[in-house]
Amino acid sequence: MSIVTTNEHLNESALPSLLPPELLEHVFSFLADAGRDAGRWRWHTVTHVCRRWRAAAIGSPSLWTYLRPSLGLSWDVYLERAKGAPLS
């Protein structure tokens, strides 16, 4: 068994991995709102934690409705991930 495979198995058994994607999206939404209110926009770092968190964040259209050029993402990325949700 490789180190990568071993790490994946350990990650899958960790408590955050047991949370349903809907709950992760709710937590990520809270982070996005808190960052917006504080003038910072760093919630997107959750997309770098693991594949599961990335899929949950990218699959949540409401997280991508607040356009923020400082993230360095193209408008097309926001539009694609917002999936037709109203933008602000």
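Trp64, Trp75 and Tyr78 come together as one aromatic cluster in this predicted model, where rings of Phe, Tyr and Trp (its six-membered ring) count as a pair if their centres lie within 6.5 Å. The structure holds three aromatic pairs. One of them joins Trp75 and Tyr78, with 5.9 Å centre to centre and 40° between the planes, and is tilted; planes under 30 degrees apart would be called stacked, those over 60 edge-to-face, and the rest tilted. Trp75 and Tyr78 are three residues apart in helix H5 (residues 75-82), and are therefore separated by about one helical turn. An α-helix has 3.6 residues a turn, so residues three or four places apart point the same way. The two partners can be told apart by their relative accessible areas: Trp75, at 44%, is partly exposed, whereas Tyr78, at 1%, is buried. Here buried means under 20% relative accessible area, exposed over 50%, and partly exposed in between, with a 1.4 Å probe and protein chains only.

Lys83 has a positive phi of about 50° although it is not a glycine. With a relative accessibility of 55%, Lys83 counts as exposed.

The protein has five helices and zero strands, and its elements run α-α-α-α-α from the N terminus on. Helices (H or I, at least four residues) and strands (E, at least two) are DSSP runs, numbered from the N terminus. Of the 88 residues, 24% count as buried. The accessible surface comes to about 5900 Å², and 61% of it belongs to carbon and sulfur atoms; such areas come from the Shrake-Rupley method with a 1.4 Å probe, and for residues only the protein chains shown count as cover. Among contacts with a separation of 6 or more, 38% are between residues 24 or more positions apart, a contact being heavy atoms within 4.5 Å.

Pro16 is found in helix H2 (residues 15-18) and, at 36% relative accessibility, counts as partly exposed. Apart from neighbours within four places in sequence, Pro16 is in contact with Leu24, Arg52 and Trp53. Between Pro16 and Arg52 there are 36 residues in sequence and 9.9 Å in space, C-alpha to C-alpha.

Val27 is found in helix H3 (residues 21-37) and, at 37% relative accessibility, counts as partly exposed.

Residues are numbered from 1 along each chain as its sequence is written, and side-chain values use heavy atoms, with hydrogens and water left out. As the model is predicted, local features need pLDDT of at least 70 and side-chain atom pairs count only at pLDDT 80 or more, while totals for chains, interfaces and linings use all residues.
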